[in-house]
Amino acid sequence: MTDDASPAAKLLEWAQLTRLNDLTARLRESNPFYQAKFRAAGIDGPFASMADFAARMPFTTKEELVADQAAHPPFGSNRTDPAEKYTRFCATSGTTGDPVLITDTPGSWNWMLANWKRCLEEAGVTAADRLYFAFSFGPFLGFWTAFEAATGGPGLCIPGGGLSSYARLQAMERTGATVLLCTPTYALRLAEVAGEKGLNLERLAVRTIMVAGEPGGCLPAVRGMIRTLWHGAEVIDHHGMTEVGPVTFQRPGEPRWLRVMQERYFAEILDPETGQPVADGQVGELVLTPLGRTAWPLLRYRTRDLVRKRLDPEAPESAVGLILDGGILGRSDDMIIVRGVNIYPSALEEVVRGVPGVAEFLVHLRRDGTLDDLSLEVEPKPGIDGAGTVRTLQERLESAFSLRINVRLASEALPRYEMKAKRWLQNG
């Protein structure tokens with residue numbers, strides 16, 4: 001850091017560097033996975049600065065973690081504490097490869113709960129709120145950390161696991177739930193079920209919908225649909241990963257901004273090809289180092305998530321000055337090239353959700369060597385002219401991507417999702 005850096009920037013770096021060197025000192029003592037990485041990189045002491053860390057510490061990748069767990073089953077060698085200290089288990093979804101199995105000690109788990117608590121507070125949740133968790137609890141980190149963080153306040157926590165969508169809507173009405181937590185896809189699905197059952201969502205007290213688990217909360221078309229269907233409820237996005245924990249929060253009135261908790265994460269936004277930092281306003285890959293998850297640490301973890309870097313003009317170097325503008329734009333390994341045009345799933349969904357007549361859709365991706373081609377299958381809403389919807393969507397896709405994409409009507413009802421949607425089918 002330069003001598004003319006602001007006091008806020010110097011304070012943030014001091015806090016990050018102190019936590020980082022405390023963390024890496026522990027890893028050099030007792031974490032076999034990182035002991036090997038330190039030896040290979042010639043690192044045997046503390047880092048002089050965060051720039052020194054970024055220059056000398058190699059990346060950690062998901063592929064490394066999967067290989068390590070295959071070599072040291074079932075949990076791998078990335079553990080800092082004795083086995084008997086680990087009390088919590090979670091796993092990645094496995095949508096981009098073999099799932100990673102992760103265990104945490106109470107200390108690391110509580111650090112992540114504090115992160116989620118920050119998300120709730122920034123969203124404006126208060127002790128008067130009643131929070132409804134509309135998901136079934138499985139091995140994914142986000143469900144558990146969100147619920148357990150909320151049970152410490154603010155608000156009353158109402159679990160909705162093991163219920164049908166209609167039963168969840170009835171439970172929200174009966175309990176007077178004011179905050180709904182779910183994926184963006186499921187917020188749309190709940191509204192669809194309410195319409196099918198004749199339940200007017202105005203009868204519910206929901207004023208805030210916190211969404212996570214997939215891109216969508218920062219997409220204007222998706223946010224707009226959710227707000228309209230839920231009669232003006234505030235939509236708050238959140239982003240995190242099972243591998244690293246809850247990373248960002250959103251404030252009311254900032255619909256496109258996810259703020260990184262920089263006092264708790266060292267975040268880099270890098271060109272995925274060169275590994276160099278991108279400039280303000282540019283798109284790069286998010287690389288994360290959690291500074292408090294000591295039991296299952298990750299140093300410079302390549303998330304593969306593509307984000308647009310934005311420095312808050314009012315606080316560019318503060319602990320909340322780093323913004324992901326537009327949320328998660330896509331993954332570096334998700335982009336497809338169709339007849340020379342780059343397409344990300346989130347960009348395509350933004351176009352589809354902008355057509356009011358679409359109830360649900362599937363994308364069929366065909367890959368033949370280096371050539372990609374795709375088509376869409378759509379289910380129109382009841383009472384909507386399906387042929388007209390197909391024409392409108394085809395025109396808007398061509399306008400957005402300068403590419404003619406085949407769109408056809410679905411022959412039957414398309415799948416609905418409670419958790420992450422699986423709308424992209426390869427070679428289907």
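# Exercises on a predicted protein chain

The protein chain carries 47 positive and 53 negative side chains, and the centres of the two sets lie 3 Å apart. Here Lys and Arg count as positive and Asp and Glu as negative, while His and the chain ends are not counted. The place of a charge is NZ of Lys, CZ of Arg, CG of Asp or CD of Glu.

This is a predicted model: local features need pLDDT of at least 70, side-chain atom pairs count only at pLDDT 80 or more, and totals for chains, interfaces and linings use all residues. Residues are numbered from 1 along each chain as its sequence is written, and side-chain values use heavy atoms, with hydrogens and water left out.

## Exercise 1: The whole chain

Task: Find how many helices and strands the protein chain has, and compare its radius of gyration with that of a compact globule.

Solution. 
- Step 1. Count the elements. The protein chain has 11 helices and 21 strands. Helices (H or I, at least four residues) and strands (E, at least two) are DSSP runs, numbered from the N terminus.
- Step 2. Apply the globule rule. The rule is 2.2 Å times the number of residues to the power 0.38, and the radius of gyration is taken over C-alpha atoms. For 428 residues, a compact globule would be near 22 Å; the protein chain has 22 Å, so the two agree.
- Step 3. Box the chain. Along the principal axes, the C-alpha atoms fill roughly 65 × 55 × 50 Å.
- Step 4. Check burial. Of the 428 residues, 54% count as buried. Buried means under 20% relative accessible area, exposed over 50%, and partly exposed in between (1.4 Å probe, protein chains only).
- Step 5. Check the contacts. Take those between residues at least 6 apart in sequence: 66% join residues at least 24 apart. A contact means heavy atoms within 4.5 Å.

## Exercise 2: Two polar side chains

Task: Which residue's side chain forms a polar contact with the side chain of Asn115? Which backbone oxygen does the side chain of Thr303 reach?

Solution. 
- Step 1. Asn115 sits in helix H5 (residues 106-122). Its relative accessibility is 0%, so Asn115 counts as buried.
- Step 2. Find the partner. The side chains of Asn115 and Tyr265 make a polar contact of 3.3 Å. A polar contact is a pair of N or O atoms within 3.5 Å; within protein, one must be able to donate a hydrogen and the other to accept it, and residues adjacent in sequence count only if both atoms are side-chain atoms.
- Step 3. List the neighbours. Leaving out residues up to four places away in sequence, Asn115 touches Pro246, Met261, Arg264 and Tyr265.
- Step 4. Turn to Thr303. Thr303 belongs to strand E13 (residues 301-311). Its relative accessible area is 2%, so Thr303 is buried.
- Step 5. Find the oxygen. The Thr303 side chain reaches the backbone oxygen of Leu286 at 2.5 Å. Beyond four places in sequence, Thr303 touches residues including Met241, Leu286 and Arg331.

## Exercise 3: Sequence and space

Task: What C-alpha distance separates Arg168 from Phe135, and how far apart in space are Gly42 and Thr126?

Solution. 
- Step 1. Arg168 is in helix H7 (residues 165-175). At 0% relative accessibility, Arg168 counts as buried.
- Step 2. Arg168 and Phe135 are 33 residues apart along the chain, and their C-alpha atoms are separated by 9.4 Å.
- Step 3. Gly42 lies in the loop between helix H2 (32-41) and helix H3 (50-56). At 52% relative accessibility, Gly42 counts as exposed.
- Step 4. Gly42 and Thr126 are 84 residues apart in sequence and 49 Å apart in space, C-alpha to C-alpha.
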